[in-house]
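Dear colleague,

Please find the structure below, handed over for your records. My findings follow directly after it.

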Amino acid sequence: MKTRIAELRRHNKLSQEELAKAVGVTRQTITSLEVGKYTASLVLAYKIAQYFSLAIEDVFLFDEEEKI
Amino acid sequence: MKKISFEQRLNLRLYMNIGCMIVAIILFTFVLLNKEFAYLIPMYSGALSGLFFASLALFFRNRKLRKNPNKMKEKELLETDERNIFITRVSYTIFSYVSIEILFIAMLISGFFSITIFYTLLTLLCVDIVFIFFIRHMVEKMY
C-alpha cells in the first residue's frame, strides 16, 4: 500500500527512528511502510495518522485494485 | 491468557532458564548413575549439556536485560513490533506446512523399503502435528 509517511516525515523534519519511537514500532517497520512492503494494521495506521494530526486516508493511499 | 508486562515475562523466562538447568543436571545425573543407559551416554550428555549451557547463556542474557531498562525497552519493542509478529507468524506457518509435507512424503517413500521406518515416521508426523497445533495455540494467545 502506498503511503505519504516519508513525505510527512520530511515535512515535519522527523527521522524514521523518532517516528518509530513515537508510535511504538521498530525503525524497520517504518521503512517497510514507506516503501510499501508492509501494510500497517488498523491500530498502527490510526497511531501514525493521529501523530501527524491527519485522517487515516490522508496518510495511507488505498488502491481499490490492491490485493488484501 | 492473562496479559502480562514485559518485565514479568522476563522474570518468567529467568525462572524457566533456572528450571531447565536443574532438569538438565537431574537427568544427566540419572543417566550417569543408571548403567542401563551406558550406550546412550554420548547422545544424552551432548543433548543435556547443550540444554544446560543454552539455558545458562539465556539466563545471563535475560538477567543483563532485566538490569538495564533501556535495553529492556528495546527488546520489548522488538518483540511487540507488529511487523515482527507478522513475520514470526508467517515463518511459523511455512515451517508447519514444510515439516508436515516432508515427513509425509518421507513416510510414503519409506513404506517401500521398511515398515519400521514407515511407522517411526508416522509417529513423528503425529507428534509433529500435535506440537505444531499446541505451539500455534500458545502463540495465538500470547499475541
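What is the area buried between chain B and chain A, and what percentage of it do carbon and sulfur atoms give? The area is about 700 Å², and carbon and sulfur atoms give 54% of it; buried area here is the accessible area (1.4 Å probe) that two parts lose on being put together, summed over both. B:Leu77, B:Glu82 and B:Arg83 supply 73% of the area that chain B buries against chain A, more than any other three residues.

Please note that this is a predicted model, in which local features need pLDDT of at least 70 and side-chain atom pairs count only at pLDDT 80 or more, while totals for chains, interfaces and linings use all residues. Residues are numbered from 1 along each chain as its sequence is written, chains are lettered from A and ligands numbered from 1 in the order in which they are written, and side-chain values use heavy atoms, with hydrogens and water left out.

Interface of chain B and chain A

Contact (heavy atoms within 4.5 Å) joins seven residues of chain B to 10 residues of chain A. Five residue pairs, both at pLDDT 80 or more, are in polar contact between the two chains; the term denotes a pair of N or O atoms within 3.5 Å, where within protein one must be able to donate a hydrogen and the other to accept it, and residues adjacent in sequence count only if both atoms are side-chain atoms. On the side of chain B that touches chain A, helix H3 (69-80) and helix H4 (82-110) each supply at least two residues; helices are DSSP runs (H or I, at least four residues), numbered from the N terminus. The largest share, four residues, comes from H4(B).

Salt bridges

A salt bridge is a side-chain nitrogen of Lys or Arg within 4 Å of a carboxyl oxygen of Asp or Glu. One salt bridge joins the side chains of A:Glu34 and A:Arg9 (2.6 Å, N to O). This pair links distant parts of the chain, with A:Glu34 in helix H3 (residues 27-35) and A:Arg9 in helix H1 (residues 5-11), 25 residues apart.

Helix packing in chain A

In H2(A), A:Leu19, A:Ala22 and A:Val23 meet A:Leu44, A:Lys47, A:Ile48 and A:Tyr51 of H4(A).
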